[in-house]
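Student: Could you walk me through this one before I set anything up? I'd like to hear about the domains and then the charged pairs.

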Amino acid sequence: MDKLIVHGGATLRGSINISGSKNASLPILAASLLTAEPCIIRRVPDVSDTNYMIQILSAMGADVERSSGTVRITCADISDVAPYELVRRMRASICVMGPLLARKGRAVVSLPGGCVIGDRPVDLHLRGLEALGAKVEFEGGNIILTARDGLRGAEIDLCGTHGPTVLGTDNVMMAATLAEGITVIESAAAEPEVIDLADFLNAMGAKITGAGTRRIVIEGVRELRGVEHTVIPDRIEAGTFMAAAALAGDEVKLRRVCREHLKAITAAIEQSGHRVEFNEAGNTCTVFRGETFHGVDLVTAPYPGYPTDMQAQMTALLATTPGISVIKDTIFPQRFMHCAELKRMGADIKIDHGTAVVRGVAQLSAAPVMASDLRASAALVLAALTAKGDTEISRLYHIDRGYEHIDEKLLMLGAEVERVKD
Ligand code: EPZ
């Protein structure tokens, strides 16, 4: 297993390109199951999560070619069973369930494992697919969905105890594209990645309106066709590098971003004392480290609120921001694994029932720390950038799940990082 050695103290400056969105790519790759025609998807990041999805689709019979960021995928002759061992290793692969059921009338998909950020139920996914007419059974760790007479449109409310579900909205939206009649999804997730999936589906010939709002309407069609699509920029990767620039920058420019998707993240970075400037087109932003800093109170919320996927990274920034910051994660109340490791580096953080109270310290100190999940590992890299000494971050595979060439991008900005074999 690789680990990353970060020599703290380097000042970040220069510019990098932000990759295509991992969380848009995954459901869009799964949506190719809805047609037997070739789909060409551009700017798919080369990260292990997208590689897993491609492996799963290939194992189901898809013909996949990948050259740099472009994936050409043809799901002509597809099995209705997703490979158990692969699916259980990546929770997001649950989003093959909806398109597979719609295309084949049957879908066998492993129950996703939980993960360190919290229990990852799929009750809302199943509520939606059952409403469309699927029969749901469980056997040997698999979910078995059948709809031998096809799917029929329905009115579905997908609100759960923690609000909307992103992949649940994706699954139901994809299944509804081939259902007979009209489907209305109330309490839908409105993330940009859901909008990108809806754009992909409409280009395939689907009839979806309202994506990006809490009410999505899908009029079923008989079949969908192959399409070409370019995935939106990864707003969480962009936010992660914005936090890096605020922590260790001088001045860092990020190209290939989308200002609209970064509003909540930009507001938090600026509220803590730093400056963010976008170009006219809103596709490039420059972050300037500030001179006076302030603690920030953050509550994560479904889009357009502050994203839970940027909670750990902001905690790392606030760990050395003078003042008190209170961070509440309403989406994943247990998502504070990074705090124990940050405390090992000298951070002053107290956790209480889904809330972290952070008292900024002058500087963190290097320590051997362990990544526990994708965004927690990004937070540890950020913290190490200004920590005194060399921080060793083990289990780097967590970060490779969702950040394309993060060490190369940090090196381009002047960070002193080194990937070593464990
Ligand atoms: C997506 O996961 C993202 N993953 C996550 O990003 C992100 O943290 C999450 O949305 C929230 O924004 C991808 O897009 C691949 P949810 P998803 O269903 O769709 C509860 C990353 O770091 N819930 O929106 O699986 C759930 O427990 C990853 O890139 C139910 O109760 O998350 C949570 O509390 C991590 N029942 C809340 O809803 C369900 O059936 C939101 O989860 C489904 C979810």
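This is a predicted model: local features need pLDDT of at least 70, side-chain atom pairs count only at pLDDT 80 or more; totals for chains, interfaces and linings use all residues.

Student: OK, how is the protein divided into domains?

Tutor: Domain 1 takes in 2-19 + 233-421 and domain 2 covers 22-230, with bounds that come from an automatic or database domain assignment. Their centres, taken over C-alpha atoms, are 30 Å apart.

Student: And what area is buried between domain 1 and domain 2?

Tutor: About 2000 Å², with carbon and sulfur atoms giving 52% of it; buried area here is the accessible area (1.4 Å probe) that two parts lose on being put together, summed over both. On the side of domain 1, Tyr 303, Phe 332 and Arg 401 lose the most area to domain 2, together 28% of what that side buries.

Student: How many salt bridges cross the interface of domain 1 and domain 2?

Tutor: The rule finds 2 across that interface, a salt bridge being a side-chain nitrogen of Lys or Arg within 4 Å of a carboxyl oxygen of Asp or Glu.

Student: Switching topic, what does Arg 335 form a salt bridge with?

Tutor: Its partner is Asp 309, and the closest N and O atoms are 2.7 Å apart. Arg 335 sits in the loop between β18 (324-328) and α11 (337-344), and Asp 309 in the loop between β17 (298-299) and α10 (311-318), so the pair ties together parts that are 26 residues apart in sequence. Helices (H or I, at least four residues) and strands (E, at least two) are DSSP runs, numbered from the N terminus.

Student: Is Arg 335 buried or exposed?

Tutor: Arg 335 is buried, with a relative accessible area of 7%, and Asp 309 also counts as buried, at 17%. Buried means under 20% relative accessible area, exposed over 50%, and partly exposed in between (1.4 Å probe, protein chains only).

Student: Which side chain does Asp 407 meet in a salt bridge?

Tutor: That of Arg 419, at 2.8 Å from N to O. Asp 407 belongs to helix α14 (residues 406-412) and Arg 419 to strand β23 (residues 416-421), 12 residues apart. Asp 407 counts as buried at 10% relative accessibility, whereas Arg 419 is partly exposed at 29%. Salt bridges that share partners join Asp 2, Asp 400, Asp 407, Arg 419 and Lys 421 into one network.

Key. Residues are numbered from 1 along each chain as its sequence is written. Side-chain values use heavy atoms; hydrogens and water are left out.
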